[in-house]
Amino acid sequence: MAGDYSIADIANWAWVRTYRWSGVEIDDLPNLKRWLDVIRSRPAVQKGIEMPPSALDFEGNDENAARKFSQDTLTWVETGQSR
């Protein structure tokens, strides 16, 4: 976010990448879109996306996929907290 890859990028990317699920539009924010793509392309980020399993990954325009992502994530969090 400040030029180099930092803890700020790591912490914020995890939240910003779910912008569609959150109901936020970024179409008018080309630098934010570029930043999302740059961070996502990093090998360590790719590895991190797999934990939790990539079935919980969502970054699209499909509303049904967003709902499924929301439900799957909720189930994953509830299951994890019950262990």
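Below is a short briefing, starting with the overall layout and then zooming in.

First things first: this is a predicted model. The protein chain has 4 helices and 0 strands, and from the N terminus the order of its elements reads α-α-α-α. Of its 83 residues, 18% are buried.

**The chain as a whole**

- Take the contacts between residues at least 6 apart in sequence: 43% of them link residues at least 24 apart.

**The nonpolar core**

- The largest nonpolar core has 8 residues: Trp13, Tyr19, Ile26, Trp35, Leu36, Ile39, Val45 and Ile49.
- Two helices, α2 (30-40) and α3 (43-49), each put at least two residues into this core.
- The top contributor is α2, which gives 3 residues to the core.

**A closer look at α2**

- Trp35, Leu36 and Ile39 are the buried residues of α2.
- Look down the axis of α2 and those buried residues sit within an arc of 100°, so they line one face of the helix.
- Over on the other side of α2, you'll find Pro30 and Asp37 exposed.
- As for what covers the buried residues of α2, the list includes α1 (7-16) and α3.

- Along the sequence, Val38 and Tyr5 are 33 residues apart, while in space their C-alpha atoms are 9.8 Å apart.

**Around the rings**

- Tyr5 turns up again here, with Arg42 lying over the face of its ring, 3.6 Å from the ring centre.
- In general, two aromatic rings are described as a pair by how far apart their centres are and by the angle of their planes.
- How many aromatic pairs does the count give? It comes to 0 aromatic pairs by the rule used here.

**To recap**

- Picture a chain of 4 helices with a largest nonpolar core of 8 residues, to which α2 gives the most.
- Keep Tyr5 in view too, with Arg42 over its face.

Methods: Residues are numbered from 1 along each chain as its sequence is written. This is a predicted model: local features need pLDDT of at least 70, side-chain atom pairs count only at pLDDT 80 or more; totals for chains, interfaces and linings use all residues. Side-chain values use heavy atoms; hydrogens and water are left out. Buried means under 20% relative accessible area, exposed over 50%, partly exposed in between (1.4 Å probe, protein chains only). Contact means heavy atoms within 4.5 Å. Rings of Phe, Tyr and Trp (its six-membered ring) pair if their centres lie within 6.5 Å; planes under 30 degrees apart count as stacked, over 60 as edge-to-face and the rest as tilted. A charge sits over a ring if NZ of Lys or CZ of Arg is within 6 Å of the ring centre and within 35 degrees of the ring normal. A nonpolar core is a set of buried Ala, Val, Leu, Ile, Met, Phe, Trp, Tyr and Cys residues joined through side-chain atoms within 4.5 Å. The arc is that of the directions from the helix axis to the C-beta atoms.
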